[in-house]
Amino acid sequence: MQDQTVISVKNLKTYFYTNQRCNKAINGISMDIKRGKTLCIVGESGCGKSVTASSIMQLLPKLSRIEEGEIIYHSEDRGDIKIHELERNGKEMRSLRGQDIAMIFQDPMTALNPVYTVGWQIVEMIRAHENVSKKEAKARALKLLKDMGIPYPEKRIDEYPHQFSGGMRQRAMIAMAMSCNPKVLIADEPTTALDVTIQAQIFELMDKLKKEYDTAIMLITHDMGVVCELADDVAVMYMGNIIESGSAREVLKSPGHPYTKALLKSIPILGKGANQDINPIKGSTPDPFNRPTGCQFAPRCDYACDKCNEAMPEENQVGGTHMVRCIRFQEVMADGK
Amino acid sequence: MLKYILKKILGMIPMLFIITFLIYFLLDLTPGDAVSHLMDPEALARLSAEQLEALRETYGLNDPFVVRYFKWLLQLVQGNFGYSVSSGVPVSQIIAESLPATLELSGTALLISTLLGSILGVAGAIKKGTIGDNVLTVFGMIGVSIPQFFFGMVCILVFALNLEWLPVGGRTDPSVVSFFGRLKYLILPASVLGISLTAGVMRYARTSMLDTMNKEYIRTARSKGIPEWRVNLIHGFRVSLTPVVVLVGFRLPTLIAGSVVIETVFQWPGVGQVFNAAVRASNYNLVMIVALLFVIMVLFASTIVDILTAILDPRVKLDS
Amino acid sequence: MKKRILSLLLVGVMVLGLAACSGNKEKEETKEETATEETKEETSGGPQVLYSNGGPTEFFETPWLNPGSYMYNKTLYDRLLMADSSLTALEGEGQMAASYTFTDDGKTLTFVLRDGIKWHDGTDITADDIKWSIEYSLKTTVLNSVFKSTFMAIDGADAYIAGTADSISGIAVDGKTITLTFSKVASDALLAFTQFAPLPKAQFEGVDPLSIQQAKFFQSPVGSGPFKVKEVQMNNYTTLEANADYWGGAANFSIYLNPSAGDSDANFVTNAKAGKLDYAYTKSIADVKALTGVEGINIEQVDVRYTRLLYVNKFKKADGSEAPLANPKVRQAIKYALDMDSILEGIFEGAAISANSLTPNGEWKAEGLNDYAYNVEKAKALLKEAGWDSNTELDVVYYYTDQATVDLMTIIQSYLSEVGIKINFRLVEGDLATILWKAPADPVNGPSAVDWDMCYAANAALSMHEYYDRYQTGYSINSHTPSDPELDKLIAATNTSTDPEVQKEAFFELQKYENETLFEIPLYYQPIFLVTSDKITEGPATIGNPQYNYNWDIQNWKLGE
Amino acid sequence: MFALSSKKRFNNKLDKLKQQEESGILAAKKAGNRTLRKLLNNRLAVVGGVIFLVILLACIFAPLLTSYNPLKVDMKSILKGPSADHLLGTDKVGRDILSRILYGGRLSILIGFGSALGCATLGILFGCYSGFKGGLFDSIMVRVSEVFMSFPQLILVLMLVSILGQSTKNIVIIFIICGWGSVFRMVRSQILSIREEEYVQSLKVFGLNDFLICYKHMLPNAIGPVVVNITLSTAMFILEEAALSFLGLGVPLEIATWGNILNSAQDMYTLQNNWWMWLPVGIVISLFVMSINFVGDGLRDTTDPTQQG
């Protein structure tokens with residue numbers, strides 16, 4: 001089991017220092033990304049899921065830094081690399097990016113450089129890590145575009161991003177990310193900006209990658225539907241903490257945290273007909289600068305009691321890898337509403 | 001592309017017509033006419049009224065200005081640029097002699113200011129907020145904050161008279177034949193003019209670079225693991241090049257008009273001086289032709305800018 | 001690496017600041033040697049070069065307007081006669097004329113041309129060229145007034161001008177001799193022919209005399225003098241080379257002219273200090289101050305007939321009201337109110353001389369004129385006597401744009417306001433002939449055709465007549481002085497004889513009248529400063545007025561290292 | 001060595017911030033207006049602002065600072081160096097240079113600001129409406145602005161000066177005629193992009209008349225760059241005034257403006273020997289123009305939402 005983990009994150013804390021204030025975006029999270037498995041990180045916007053991805057890739061904005069904790073990349077040939085100690089844009093970190101850990105972003109419209117052709121940008125990625133001739137790199141790029149299911153790749157490769165549709169552009173992004181067959185692919189809400197039919201194609205494509213290239217995928221989303229379909233493991237984040245994580249089956253079948261349960265209840269399940277009763281979670285995420293004492297979800301939690309407000313609940317292990325940070329998790333699981 | 005250029009040129013014709021008419025009208029409004037500026041006041045004082053009238057007659061200055069304008073236009077269409085009222089030299093010859101000097105000076109200055117301005121602007125944007133950014137900004141600002149003639153005279157005093165590295169002024173000397181000998185004359189005026197134009201380019205480059213650096217594709221580029229300088233220059237600056245090109249494009253007309261101030265201070269035989277003297281002496285033919293060249297260059301510059309933006313930024317289509 | 005570049009930049013800026021302020025004395029001494037070395041190695045190959053200014057910016061000005069104010073006019077052309085440094089014609093041999101005779105009654109003047117003299121293009125200089133030059137110049141509009149009054153005095157000139165005759169009967173050509181017979185007294189005849197430069201008739205075929213300045217000839221003139229045109233780059237530089245077969249000997253140096261408009265050269269000082277100005281003149285005191293004490297540059301002050309004055313408009317105003325300055329007492333009060341000595345000390349640092357008459361000091365000036373020394377009480381008393389109303393505002397105009405003029409106007413304004421005379425001054429531009437000098441229809445009692453009360457202007461005079469003739473009744477440019485029979489009589493007296501002694505007496509009487517009535521207010525005589533560099537080891541024998549031609553025989557000068 | 005310490009300094013700064021946050025100081029502090037705070041922590045803009053105010057106030061309160069009348073000629077004390085009674089010495093006609101700089105400053109700043117505000121008002125008036133309305137009015141205005149902008153500026157200035165005559169008022173008019181074109185184009189392009197915004201459609205749906213939509217709602221969104229342009233063109237106009245007096249076209253020479261004072265430094269003798277006639281005024285002009293540029297730049301950075309920090 002152990003050797004399957006590609007990236008292990010232990011007690012990571014990342015703080016933001018914009019507008020002369022200090023915002024504790026990530027407040028100590030731990031997770032493992034395993035080879036050939038898809039780890040889904042789910043949570044409302046502003047819970048710190050994108051910051052996690054940026055921390056791993058060391059792409060944090062200037063006025064922020066990793067306070068504590070470790071991010072270790074277990075590479076095959078170069079042993080364990082402590083990413084959190086690497087110089088942000090240093091030589092070693094840059095050799096990791098793209099080659100070992102690749103990333104795709106949310107809005108394909110703005111993620112590609114508008115003034116260079118798609119082919120050129122992919123070739124740039126390949127030549128950054130392997131010294132191959134331009135011709136050979138272009139051939140590989142062509143093959144990649146074909147693999148990603150883009151029609152007429154010979155013509156498309158020399159076209160500009162604005163000539164691609166949303167879905168096509170995301171495929172091009174994935175082609176670029178996969179160009180040096182990275183060990184880990186981090187996808188930061190890849191389909192949010194796309195419409196539903198295209199979403200399905202992208203997920204199908206990612207599933208194919210996992211199987212064929214055995215890449216570990218860390219998928220960030222706020223859509224529980226995506227989690228149910230794709231996830232092998234799940235980590236639910238709220239206000240900078242992972243409040244519940246474990247294998248997809250355990251978490252979805254018997255959610256231990258009121259927030260996970262509420263999330264599951266708030267999405268319409270396809271095919272369950274029109275009269276499903278969907279009840280949204282009351283209230284909204286608190287202001288990060290004056291956080292509630294104790295459990296962050298307490299103000300919006302149905303099971304909230306006085307004890308919840310005292311301190312942030314510890315991590316309770318429930319069965320194999322299932323972890324919940326709620327003092328009344330037994331009741332929640334038993335409830336089975 | 002060709003269709004676009006043709007459309008632009010056709011659009012130019014009415015503009016040229018309006019502007020030259022306006023210039024002629026304004027020139028006619030200025031007090032006195034070519035004759036009254038022909039010689040210095042004392043000599044003029046000795047002429048009798050009939051002699052003055054006779055002189056005016058020879059230059060056809062007596063018929064109404066509209067008639068004179070169309071006469072001039074007719075001549076222009078036949079390719080005859082007319083003669084300078086004061087010296088009788090064909091205008092084409094005067095321009096042929098003075099235009100290369102201005103092109104040389106303004107051209108070098110534009111080059112210096114574009115290069116220096118872009119470098120300072122990009123460096124300022126990358127190092128935003130640090131002391132380096134402040135120092136670069138102050139250095140860039142020097143050019144635009146000191147009046148040109150004052151900056152020029154101090155440079156002459158320091159480099160030409162006290163330190164004697166460079167000649168005092170003028171474009172060349174018959175005894176100087178080598179290219180570098182001639183270059184020596186160009187250094188001071190071109191750098192004074194260049195530095196005073198730098199601040200504009202610097203601020204534009206800095207602003208557009210700052211905008212670009214916040215864009216998504218810069219983060220994507222970094223996530224591809226390519227070196228920091230490539231991210232900033234190849235991805236960042238390449239995109240923010242367009243506004244800089246637009247600004248420099250709109251400065252092309254100075255290639256024609258030159259800078260009267262710099263040319264006067266550095267005894268540079270350019271069009272600026274000739275044009276300044278011609279306008280004050282209501283020397284119609286010379287003023288009209290130089291103004292015509294200037295306006296053509298302005299309209300030409302706006303076309304060039306459109307084409308360049310289309311080349312630089314694939315999203316922009318020409319015939320939009 | 002980047003940090004080091006930034007610190008370098010900072011040091012550079014500091015050096016620029018320091019060097020600008022220092023500019024102190026001992027730096028200039030060391031610089032002088034290097035300057036001459038630099039020019040030496042530049043021209044060590046070819047013949048030596050005399051640097052001067054006044055080079056053409058658009059065209060070579062015709063020599064018939066300002067006979068000597070441009071270096072090229074003095075070196076490219078020969079005159080008939082030769083004047084000495086005080087501008088009196090030398091006896092016997094002239095330049096083009098081998099000899100000449102002028103009858104005592106001043107009626108006939110004959111020249112005998114030197115044989116073998118040629119134009120620069122190799123063609124012979126003939127008597128016909130001289131005759132044509134005189135006739136053609138009368139038809140042009142740009143003729144010096146001394147030449148004009150002399151040539152108009154030739155017999156048959158009026159008929160020629162009126163067009164009834166196609167040549168001037170009074171000019172007879174016979175082989176090498178030209179005889180001029182005068183119908184009336186030409187008081188400045190000899191002076192005129194020491195300055196008038198004949199031009200080659202062949203070069204002016206089909207050129208309309210009215211636009212002579214625009215002729216192709218004046219882009220690269222063919223002259224007769226010791227130097228000829230080598231290379232012309234308008235607005236850039238002009239080079240003149242020695243005329244090998246000049247009758248007076250061939251020079252062993254060439255001349256390099258920096259372009260400068262009129263007699264104001266903005267780069268006078270910078271070029272002089274950089275060793276690019278060996279012979280030039282200036283009126284600007286600022287330039288002179290900047291060059292005093294610079295090693296290798298010598299400055300000579302030359303007193304010339306150049307007077308700055310206030311013309312006074314004594315005609316009734318257009319709206320019928322009396323001219324405020326019609327009363328001579330007010331004009332005298334103005335003269336008393338101006339402390340000219342301290343004004344000149346302030347602006348010109350003593351380089352200009354306060355004036356009590358149009359005529360500068362010297363043998364041509366009467367003794368015992370009232371200097372109107374600065375006296376506020378007297379001025380106020382005169383104003384009270386004249387019943388001066390202290391809130392009338394006088395309108396004073398000027399046409400010079402330099403800083404010294406503006407400073408002078410400000411000072412005059414403040415001095416006059418102390419005695420209760422309010423003036424405001426304005427710059428006039430454009431058609432100055434009409435704005436300043438348009439004579440009224442009725443020269444006796446106006447009204448005035450110009451709207452200023454006083455006009456600050458200059459009067460440069462080659463001959464004394466150019467100072468006073470303009471005040472006669474009905475004179476074409478007399479826009480300021482109503483007809484005054486006494487004044488007309490005195491001016492006419494100065495034009496009756498060519499004998500200098502008789503002319504002097506007549507001028508003395510005229511100057512006394514001028515001193516009493518102050519029909520114009522003379523301010524100061526402005527000298528000219530001749531600037532020469534040490535490169536000229538053997539220069540002109542005597543220093544005359546650099547704005548006119550005299551026997552400086554430039555071709556025999558020697559240039560040192 | 002230099003790089004390391006900046007890393008250390010960066011971390012210390014963040015540590016201090018973290019420590020303050022945890023101790024709750026930061027939460028208590030009232031979060032001031034973001035634009036003002038961002039302007040304040042842009043060091044250059046602050047320095048610029050201070051210099052700008054110092055010079056402006058010195059010019060306005062000139063009578064308090066110097067008792068001399070800038071136009072008073074005093075033949076006794078000509079070209080005196082800086083001394084007790086004349087802090088910055090006297091010029092060729094004995095006028096006190098310090099008072100001329102202060103009183104002259106009033107005029108120069110008036111010309112600079114007057115022209116810049118004039119250009120901005122004209123530019124906004126036409127730009128806003130033509131950008132919003134489009135159609136015939138827009139195309140005519142664009143053509144007119146193109147005519148003015150492609151006019152060789154020198155010829156326009158030379159002619160207008162000789163027609164209108166030389167005076168402060170005319171100079172401002174001339175600068176406005178020459179300069180309104182660029183503000184017009186800038187505002188128009190801003191309004192063109194704002195016009196597509198939804199809130200403008202909704203305003204139209206509410207039936208507000210065009211002027212109200214155009215000037216009350218759309219203009220504030222386009223005003224950011226215009227404000228910046230005003231500060232920067234003020235600096236440019238002050239320099240233009242100095243250049244014009246160098247060419248003898250500016251304000252009549254005897255009236256004290258910075259350009260005219262500097263004008264006296266045209267000859268080499270003054271440059272080398274009477275430094276007090278040109279150095280102080282040169283420094284004041286450069287400092288003032290630089291300070292306006294920095295404030296302008298600072299404003300630009302604050303009005304740009306994407307700026308971090």
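A: Start with contact: two residues are in contact if their C-beta atoms, placed from the backbone, lie within 7 Å. Of the five pairs of chains in contact, the most contacts are shared by chains B and C. The model is predicted, so local features need pLDDT of at least 70 and side-chain atom pairs count only at pLDDT 80 or more, while totals for chains, interfaces and linings use all residues. Residues are numbered from 1 along each chain as its sequence is written, and chains are lettered from A and ligands numbered from 1 in the order in which they are written.

Q: How far apart are the nearest C-alpha atoms of chain A and chain C?
A: They are 17 Å apart, and chain A and chain C do not touch.

Q: What secondary structure does chain B have?
A: Helices (H or I, at least four residues) and strands (E, at least two) are DSSP runs, numbered from the N terminus. Chain B has 14 helices and zero strands. Its C-alpha trace spans about 85 × 55 × 35 Å along the principal axes.

Q: How many residues of chain B count as buried?
A: A residue is buried if 20 or more other C-beta atoms lie within 10 Å of its own, exposed if 12 or fewer, and partly exposed in between; the C-beta atoms are placed from the backbone. In chain B, 50% of the 320 residues count as buried. Among contacts in chain B with a separation of 6 or more, 74% are between residues 24 or more positions apart.

Q: Which elements of chain B touch chain D?
A: The interface has 39 residues of chain B in contact with 32 residues of chain D. On the side of chain B, the elements that give two or more residues include α1 (2–29), α8 (179–213) and α14 (284–312). The largest share, eight residues, comes from α1(B). For residue classes, Ala, Val, Leu, Ile, Met, Phe, Trp, Tyr, Cys and Pro count as nonpolar, Asp, Glu, Lys and Arg as charged, and the others, Gly among them, as polar. This side of chain B divides into 27 nonpolar, nine polar and three charged residues.

Q: How do α7(D) and α9(D) pack?
A: Axes are lines fitted to C-alpha atoms, for helices over the stretch in contact, and angles run from 0 to 180 degrees between N-to-C directions. Helices α7 (residues 135–150) and α9 (residues 168–195) of chain D pack at about 135 degrees, with axes 8 Å apart. Angles under 35 degrees count as roughly parallel, over 145 as roughly antiparallel, 65 to 115 as roughly perpendicular and the rest as oblique; α7(D) and α9(D) are therefore oblique to each other. A crossing is left-handed if the near helix is turned anticlockwise from the far one by less than a right angle, and right-handed if clockwise. The crossing of α7(D) and α9(D) is left-handed. Ser145(D), Phe148(D) and Met149(D) of α7(D) meet residues of α9(D), including Phe184(D) and Arg185(D).

Q: Which way does α8(B) cross α10(B)?
A: That crossing is right-handed, with an angle of about 145 degrees and axes 8 Å apart.

Q: What span should α14(D) have?
A: The expected span of a helix is 1.5 Å times one less than its number of residues. For the 28 residues of α14(D) (residues 275–302) this gives 40 Å, and the end C-alpha atoms are 40 Å apart, which agrees. Because 22 of the 28 residues are buried, α14(D) is largely enclosed by the rest of the structure.

Q: Is Val289(D) buried or exposed?
A: Val289(D), in helix α14 of chain D, is buried, with 25 other C-beta atoms within 10 Å. Leaving aside neighbours within four places in sequence, Val289(D) is in contact with Ser145(B), Ala235(D), Ile238(D) and Leu239(D).
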